[in-house]
Amino acid sequence: MPATDELRATLQALVEREAGITRGAAALLRVEVPAAGFVSEHAAGGVSRGGAPATPDSTFRIASITKTFTSAVVCQLAAEGKLGFDDLLSQHLPPEHLDLVPRIHVLDGVSYGERLTLRHLLTHQAGLFDYAACGQFFGTIAADPSHVWTPREMLEGAIAWGQPHFPPGEGYGYAYSDTGYVLLGLVIEHLDGTPLHESYRRRILQPLGMHGTYLEGHEAHRGPEMTHPHEGDLDCAPIHGTADWAGGGLVGDTRELAVFARALAEGRVVPQPQLDEMFEWRFRTLDPARHSPGFIGYGFGVEARDIDGVLLRGHRGHWGAWMHVNPSSGVTITGTVNDAQRPPHEIVIDTVRALVRAGLVTP
């Protein structure tokens with residue numbers, strides 16, 4: 001059996017393993033090695049558990065991978081001279097949201113909202129409370145999954161449901177927060193003068209031919225039926241797609257994520273000076289329980305991971321989604337396991353190791 005056939009069999013076994021572990025949730029994997037002309041696409045499980053089989057072109061919620069798109073648009077705006085990364089948030093919020101500035105970051109009775117910069121938000125150095133990771137948010141969703149969320153509601157939730165972790169740029173330096181990316185979404189809308197989904201489409205999706213990717217709840221569904229995300233035994237497809245917006249609201253597929261990842265790494269999305277800043281990762285201390293294998297740092301909406309000497313850039317998403325590119329080779333690894341309780345550590349690590357054994361990736 002040719003080596004590439006063996007590799008494809010190995011990759012198919014990986015997605016079947018994941019679908020088995022998640023009791024039939026769709027597992028999708030796409031690997032592309034441009035230098036070798038190698039492309040391998042795999043699917044296992046059902047669109048819903050027990051439903052029609054998932055296929056390689058099935059769509060899924062990419063969740064926090066959306067942050068890479070949001071940061072890319074911010075970087076484009078910087079390249080156009082419309083903002084600076086060290087500008088204050090208050091300089092670029094729409095007027096109707098300026099009341100949030102003194103309230104969004106109050107710690108020990110002191111407001112730090114006036115000190116927040118766009119760089120703080122992009123790199124999760126703002127110290128903001130993450131509305132999307134608290135019990136009140138999930139309780140609200142459980143009570144009314146079909147509720148249509150607005151950015152204002154998400155931000156008011158961040159204010160009401162918890163307190164910031166440290167002053168901007170201080171403390172242990174890194175507190176992952178969807179709250180910051182919702183604020184960045186408002187900045188984009190204000191400076192572009194259009195709804196966020198139109199900015200994504202005009203600036204990224206249309207130029208790259210990503211016609212199947214869309215901002216859920218704000219655009220009509222595109223492409224095949226969306227595979228159902230799960231939280232263990234709970235089917236989360238009924239949750240309205242507006243629930244995370246600029247921090248995690250896009251739906252896409254493995255092919256288009258690969259297109260975006262490679263275009264970004266090649267400098268075809270963000271001009272080089274801004275891309276250098278976007279990709280400059282720093283390791284910042286974080287609760288060790290939230291680290292995942294291989295994580296070595298974060299830039300502007302872009303993770304850095306080292307898997308057995310292979311550097312991966314990209315992002316992961318709450319429902320077990322991932323988008324990785326090796327910048328030096330252009331190799332892309334994209335997919336999802338559609339279960340928030342089954343993070344994609346094992347399948348990504350095993351995929352990289354299979355590629356190394358096959359001689360398609362060099363550490």
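This is a predicted model: local features need pLDDT of at least 70, side-chain atom pairs count only at pLDDT 80 or more; totals for chains, interfaces and linings use all residues.
# From paired strands to a pocket

In strand 14, T336 is the bridge partner of L28. Residues are numbered from 1 along each chain as its sequence is written, and side-chain values use heavy atoms, with hydrogens and water left out. Strands here are DSSP runs of E with at least two residues, and helices are runs of H or I with at least four, both numbered from the N terminus.

Start with strand 1, residues 27–33. Strand 1 and strand 14 (residues 331–336) pair in the antiparallel sense, over 5 bridges; strands count as paired if DSSP finds at least two bridges between them. R30 stands opposite T334 in strand 14. Strand 1 also has strand 2 (residues 38–44) as an antiparallel partner, joined by 7 bridges. Here E32 has V39 in strand 2 as its bridge partner. The two strands form a hairpin with 4 residues between them. In the turn, G37 has a positive phi of about 65°.

How much of strand 1 is buried? The count is 7 of its 7 residues, where buried means under 20% relative accessible area, exposed over 50%, and partly exposed in between (1.4 Å probe, protein chains only). A27, L29, V31 and V33 point one way from the strand. L28, R30 and E32 point the other way. Both sets are buried.

Strand 14 is mostly covered too, with 6 of its 6 residues buried. V331, I333 and G335 point one way from strand 14, and T332, T334 and T336 the other way. Strand 14 also runs antiparallel to strand 13 (residues 321–326), with 6 bridges between them. W322 stands opposite G335. Strands 13 and 14 form a hairpin as well, with 4 residues between them and G330 in the turn at a positive phi of about 80°.

Now go back to strand 2, which holds H42. H42 counts as buried because its relative accessibility is 5%. Its side chain makes a polar contact with the side chain of Q12 at 3.0 Å. A polar contact is a pair of N or O atoms within 3.5 Å; within protein, one must be able to donate a hydrogen and the other to accept it, and residues adjacent in sequence count only if both atoms are side-chain atoms. Leaving aside neighbours within four places in sequence, H42 is in contact (heavy atoms within 4.5 Å) with R8, L11, Q12, V15, A27, L28, L29 and P56.

Why does H315 count as buried? Because its relative accessibility is 1%. The H315 side chain reaches the backbone oxygen of S64 at 3.5 Å. Beyond four places in sequence, the contacts of H315 include S64, Y176, Y298, E303 and W322.

The elements that give two or more residues to the lining are helix 4 (135–143), strand 8 (234–235), strand 11 (303–307) and strand 12. Helix 4 gives the most, with 4 residues.

Last, the nonpolar cores: sets of buried Ala, Val, Leu, Ile, Met, Phe, Trp, Tyr and Cys residues joined through side-chain atoms within 4.5 Å. The largest has 79 residues, and F69, Y200, I204, F260, V269 and M278 have the most contacts inside it. Apart from that core lies another, of 26 residues, with V15, V31, V33 and I347 among them.
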